[in-house]
Amino acid sequence: MTRRVAIFISGGGSNMVKLLDSMTGDHAGRACVVLSNDPAAAGLERAEERGVPTEVVRHQPFHGDRTAFEHALMGAIAKHKPDVICLAGFMRKLTAGFVDEWRGHMLNIHPSLLPKYRGLHTHARALKAGDKEHGCTVHEVTPVLDDGPILGQARVPVLPDDTEATLAARVLEQEHILYPMVLRRFLVGEKTPVFLES
C-alpha cells in the first residue's frame, strides 16, 4: 500500500527535494503535499515544478497562538490525507497536542549527532566544543524538542580548518543521503537505526 507523505518546510527545501526525488519506482511513499509557513519559501516552487501540491499557512497572523496555528496546519493538510509527515527545515516548534496526534507518523532531520546539540546553531556549537566529529540525525518526533527514537545518523569528521559554513555544507551532503534512506525504510516498518560514515 502506498503511503501518502506530507513535507513541511520553511525555506529552500533541499532535503525536501531529495525526499521528493526519491519517492519513485518501488518506493512505498508518494508525496501528497508540501506545506510551508512562509509564502516566499523557495522550496514551494521546487515542489510545484515536480507536480506536488503546495499549501501555505503563515504563522504571523496567529500572534503566537501556536494551538490555533497548528489547527490551521491540520486543516490545510486534511484534504491531502497524509499518512506521514516529514519535517524538512520547518522552523516552527510544534506543541505536544499536534505531535501526539502524529506520534509514530512524523519524522525530523536535525543537524547534529543527537542527543548532542538540540536546538539551533549546532555547527557553531560543535566547533566551539572542539568536537572531532559532527553530523545529522533522523528521528521520530516527540513533544520534547529534537528528541524521540533515532532512526539514523550520519557522521562527518570535523577538520582543523573548518568554519561553520564548511562544516554545515558537509553535514548537508549527508542529510541528503540519510533522510531519503530512512524514509524508505520507515515506510515499510523498518525502524532499526542506520549509521553512515563519510
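Colleague: In which loop does Pro-115 lie?

Modeller: This is a predicted model, so local features are read only where pLDDT is at least 70. The peptide bond from Leu-114 to Pro-115 is cis, and its omega is near 15 degrees. As for its place, Pro-115 is in the loop between strand 5 and helix 5 (122-129).

Colleague: Is His-121 buried or exposed?

Modeller: His-121 sits in the loop between strand 5 and helix 5. Its phi is positive, about 60 degrees, although His-121 is not a glycine. Most residues other than glycine have a negative phi. The cut-off for exposed is over 50% relative accessible area, and His-121 has 57%, so His-121 counts as exposed.

Colleague: Where is Lys-81, and what is its relative accessibility?

Modeller: Lys-81 has a positive phi of about 50 degrees and is not a glycine. Its place is the loop between helix 3 (66-78) and strand 4. Lys-81 counts as exposed, with a relative accessibility of 58%.

Colleague: What pattern of helices and strands does the chain follow?

Modeller: There are six helices and eight strands in the chain. Read along the sequence, they give β-α-β-α-β-α-β-α-β-α-β-β-α-β.

Colleague: How does the radius of gyration of the chain stand against the globule rule?

Modeller: The C-alpha trace spans about 50 × 45 × 30 Å along its principal axes. For 198 residues the globule rule gives 16 Å, and the chain is close to that, so it is as compact as a globular protein of that length. The radius of gyration of the chain is 16 Å.

Colleague: Of the contacts with a separation of 6 or more, what share comes from residues 24 or more positions apart?

Modeller: Of the 198 residues of the chain, 48% count as buried. Among contacts in the chain with a separation of 6 or more, the share from residues 24 or more positions apart is 62%.

Colleague: How far apart do the centres of the positive and negative side chains lie?

Modeller: The accessible surface of the chain is about 9500 Å², and 55% of this belongs to carbon and sulfur atoms. On the charge side, the chain has 23 positive and 24 negative side chains. The distance between the centres of the two sets is 2 Å.

Colleague: Which residues of helix 1 (residues 14-22) are buried?

Modeller: The cover over the buried residues of helix 1 includes strand 1 (3-9), strand 2 (29-36), helix 2 (42-49), strand 4, strand 5 (106-110) and helix 6. Beyond four places in sequence, Ile-7 touches residues including Met-16, Leu-19 and Leu-20. The buried residues in helix 1 are Asn-15, Met-16, Val-17, Leu-19, Leu-20 and Ser-22.

Colleague: Is Glu-140 buried or exposed?

Modeller: Glu-140 is in strand 6 (residues 133-140). Leaving aside neighbours within four places in sequence, Glu-140 is in contact with residues including Met-106, Asp-147, Phe-186 and Lys-191. The cut-off for buried is under 20% relative accessible area. Glu-140 has 9%, so Glu-140 is buried.

Colleague: What separates the C-alpha atoms of Phe-90 and Ile-109?

Modeller: Phe-90 is in the loop between strand 4 (84-87) and helix 4 (96-101). With a relative accessible area of 8%, Phe-90 is buried. Among its contacts beyond four places in sequence are Phe-8, Leu-35, Phe-69 and Leu-73. Ile-109 is 19 residues from Phe-90 along the chain, and their C-alpha atoms are separated by 9.8 Å.

Colleague: How far apart in space are Gln-174 and Gly-135?

Modeller: Gln-174 lies in helix 6 and counts as buried at 11% relative accessibility. Beyond four places in sequence, Gln-174 is in contact with Cys-136, Ala-154, Val-156 and Ser-198. Gln-174 and Gly-135 are 39 residues apart in sequence, and their C-alpha to C-alpha distance is 7.6 Å.

Conventions
Residues are numbered from 1 along each chain as its sequence is written. This is a predicted model: local features need pLDDT of at least 70, side-chain atom pairs count only at pLDDT 80 or more; totals for chains, interfaces and linings use all residues. Side-chain values use heavy atoms; hydrogens and water are left out. Contact means heavy atoms within 4.5 Å. Helices (H or I, at least four residues) and strands (E, at least two) are DSSP runs, numbered from the N terminus. The radius of gyration is taken over C-alpha atoms; the globule rule is 2.2 Å times the number of residues to the power 0.38. Buried means under 20% relative accessible area, exposed over 50%, partly exposed in between (1.4 Å probe, protein chains only). Accessible areas come from the Shrake-Rupley method with a 1.4 Å probe; for residues, only the protein chains shown count as cover. Lys and Arg count as positive and Asp and Glu as negative; His and the chain ends are not counted. The place of a charge is taken as NZ of Lys, CZ of Arg, CG of Asp or CD of Glu.
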